[in-house]
There are 2 protein chains.
Amino acid sequence: MTAEIITVGDEILIGQIVDTNSSFIAKELDKIGIAVHQITAVEDERNHILSTLEAAHQRADVVIITGGLGPTKDDLTKDCLCEYFDDELVLNEEVLSHIKLLFEKYIDTPFSELNRQQAFLPASADVLFNRYGTAAGMWFEKEGKVYVSLPGVPFEMKALMEEQVLPKLQESFKRPFIVHKTVITYGMGESSLAEKLEFWEENLPDYIKLAYLPNLGKVRLRLTGRGTNLEQLEDTINKLVTSLHSIIGEIIVGYEDENSIEVQIGHLLASEGRSLATAESFTGGRIGSLLASPPGASNYYKGTVVSYATSVKQDVLEIPEKLIQKHSVVSSQVAEAMARNVKRIFKTDFAISTTGNAGPTKGDSEEEIGTVFIGIATPAGVYSKKFVLGNHREKVIGKAVNKSMELLLEEVFKNSEKAG
Amino acid sequence: MTAEIITVGDEILIGQIVDTNSSFIAKELDKIGIAVHQITAVEDERNHILSTLEAAHQRADVVIITGGLGPTKDDLTKDCLCEYFDDELVLNEEVLSHIKLLFEKYIDTPFSELNRQQAFLPASADVLFNRYGTAAGMWFEKEGKVYVSLPGVPFEMKALMEEQVLPKLQESFKRPFIVHKTVITYGMGESSLAEKLEFWEENLPDYIKLAYLPNLGKVRLRLTGRGTNLEQLEDTINKLVTSLHSIIGEIIVGYEDENSIEVQIGHLLASEGRSLATAESFTGGRIGSLLASPPGASNYYKGTVVSYATSVKQDVLEIPEKLIQKHSVVSSQVAEAMARNVKRIFKTDFAISTTGNAGPTKGDSEEEIGTVFIGIATPAGVYSKKFVLGNHREKVIGKAVNKSMELLLEEVFKNSEKAG
């Protein structure tokens, strides 16, 4: 049971936009047991689209195509699909009335012939009604294989995937189960780890795949199993993890939750009615954006102060000038004061702060480039940690954000009733 | 002169990460006149990698491959390239000493046999020395076509592209010029616009391509020309834009700068030594993150206060409780007070604020979902604008961020000496 994703549109190929649609679709298909073997981005060009459809047909059971469904000449996907399936366009009255309604309600230009053409759809396609836009999705079947065409506008594509495509795929196909389990290790390089695991790795069953994912100080080991018996699959993977413990138990620091770290923090805070604020310096709001991203985050995440300038630390975060003069702005004292004060000012239960030199220049402090302090304020008190994270700006910021999120999860958990 | 990009790695295919590498590479190639015709993401699987290399060979002159160069068993790219080019691995002493040095300086596990293997590289490849990591890049030539293999770690890939691959491609190939010009229109739907431009579009020279890019209220028209004579190409495109003016002049609001809007704002502020702060509510720090992203942003961007909770607006942004009670938190009065106060507190020349209901629920206000206010404080005064942006949360936030950046650019320009 394999799938491919095809995105159509020059925007991706000239680097004007990043292709987030494919990533979303791949993740959702993976969750329901459909493995994506290839993602292909092609330009708005007839022959290239047709040959890509044919190549995908040779390899995959399901092909999801996004983009190229607009009303203008550069949008070719519908015509290409029509040609590929040797089909013809027929007027869909329901889609037509929907497009007319959208024009009446939201669009202040008159409904035109080109809009009318969007209601003409291939006769053999099941129409996937798009309540957010004028381009309908389409579902085709050919020789036991499924082709789905979706608009490229992300929120229209997402709604169609969630409400129609995924349920329909689940009905249409018997799918294997895909189980991922990711073990987090800390303190051993990727290659040393691989040497230590050589024998264990060679003896993995052939339906289990192992990937090494090194990332800023940690190596995550992702085990992926595919099979028709979920219980047996989970049992095998659990046994493999147990055997891993007997080989490298001392460096295993945890498991990656299905949920991202910001969602885990959110769940813990929301379940106990606790709240959180942040005070960021060189991380520029990245920790806050992460914390704010889960749906419902406004219930526990109260906000952030991003203080690039030292004067903002004084004026907004009320860090005494004396403290900064005595210890410098990049210091454990300032990190702790930032966390303590933002917790008090925002009236929250937890707060996290960052201050540091990410480079390329030293900025307002004399500390070595790459030196950062993370401050944490919890109901139990305030402390800070110092890290020296190298001399590559992007890397320093990335590592500091990761570290902050980890410390925060640890503290939120430690201070929760569950841990108690 | 065409290129393809191949990314190797299961992370992308299971949706664990978004492929930003391809977007970066595509943009850089486009800048030097190399058009990317396809981007393909494939799993870590030998046959699939080999058949993808062969398929790319049929279509493209340049193939850039990223990922799969790590030291562990799941990293197959180097072996596949070796097989594809019928080559053998030989030890590169320079790379070996570099890897050893990295281990001594930064990595606290011992150098191992697997690390040593990273210094074995295909005999026919030109080695692209990677100063940030242990995986060297490789440059192959076959039948007049170029293959470049780069590590998947973004900052290592970027450094190799900028410092070695792009200059080498520029030396190796005669490339056509690629000129993009994007005209921004406002107030006419994509399809009405296309009808109006039908005759004009049909008479475009065949080396000029037109794309319609509708995005949250605006339609951008991107003209792309390819040719060997830059002057002539630019001249043709300028004439086409002039003729566009005679057809739809009344809805043309400007041209897209090569630079992103945040970079344009940054250039204006930096050149006049002026500064900026933000106060965000439902946009959750997204405006601040954008403004903070250009290199050197800390010179003019002082920071942000993200206030999800009404209480934070009172305590941190010093918005009087009375004002909120009288006008509600989603109001022009509160938006203006937020902008005025954050400008004062952060001691900046400009400030922008957002307050609104993005949905799905009404939150702290009675305003209809989709209603937002953007406040702007400039050296000349304070005002706000109201927008009603629909009922789709993601869309409301996206539109409001776009609107805010546009208003800000307008105001920064109006208040600059250049506009003088």
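Which domains does the domain assignment of chain A give? With that settled, how many residues of chain A are in contact with chain B?

Reply: The model is a predicted one. For chain A the domain assignment gives domain 1 (2–172), domain 2 (177–256) and domain 3 (261–414). The C-alpha centres of domain 1 and domain 3 of chain A are 43 Å apart.

Where the chains meet, 87 residues of chain A are in contact with 86 residues of chain B. The size of an interface is often given as the accessible area lost when the parts come together. For chain A and chain B, the buried area comes to about 6800 Å², and carbon and sulfur atoms account for 53% of it. Of the area that chain A buries against chain B, 9% is supplied by A:Ile14, A:Phe155 and A:Tyr308, more than by any other three residues.

Polar and charged groups also take part in the interface. Between chain A and chain B there are 27 residue pairs in polar contact. On the side of chain A that touches chain B, 32 residues are nonpolar, 27 are polar and 28 are charged. Side chains of opposite charge can pair when their charged atoms come close. Six salt bridges are found across the interface of chain A and chain B. One joins A:Lys347 to B:Asp315, with the closest N and O atoms 2.6 Å apart.

Strands contribute to the meeting of the chains as well. Strand β2 (residues 35–42) of chain A and strand β2 (residues 35–42) of chain B run antiparallel and are joined by five bridges. Within this pairing, A:Gln38 stands opposite B:Val42.

Over all chains, the count of salt bridges is 28. Among them is the one between the side chains of A:Asp126 and A:Lys168, at 2.8 Å from N to O. A:Asp126 belongs to strand β6 (residues 126–128) of chain A and A:Lys168 to helix α7 (residues 154–172) of chain A, so this pair ties together parts that are 42 residues apart in sequence.

Two backbone details of chain B complete the account. B:Ser328, a residue other than glycine, has a positive phi, near 75°; B:Ser328 is placed in the loop between α14 (321–327) and α15 (332–345) of chain B. B:Lys347 likewise has a positive phi, near 55°, and is found in the loop between α15 and β15 (350–356) of chain B.

Note on methods:
Residues numbered from 1 in each chain as written. Chains lettered and ligands numbered in written order. Predicted model: local features only at pLDDT ≥ 70, side-chain atom pairs only at ≥ 80, totals over all residues. Heavy atoms only, no water. Contact = heavy atoms within 4.5 Å. Buried area = accessible area lost by both parts, 1.4 Å probe. Salt bridge = Lys/Arg side-chain N within 4 Å of Asp/Glu carboxyl O. Polar contact = N/O pair within 3.5 Å; in protein donor to acceptor, adjacent residues only side chain to side chain. Nonpolar A, V, L, I, M, F, W, Y, C, P; charged D, E, K, R; others polar. Pairing = 2+ DSSP bridges. Helix = DSSP H or I, 4+ residues; strand = E, 2+ residues; numbered from the N terminus. Domains from an automatic or database assignment.
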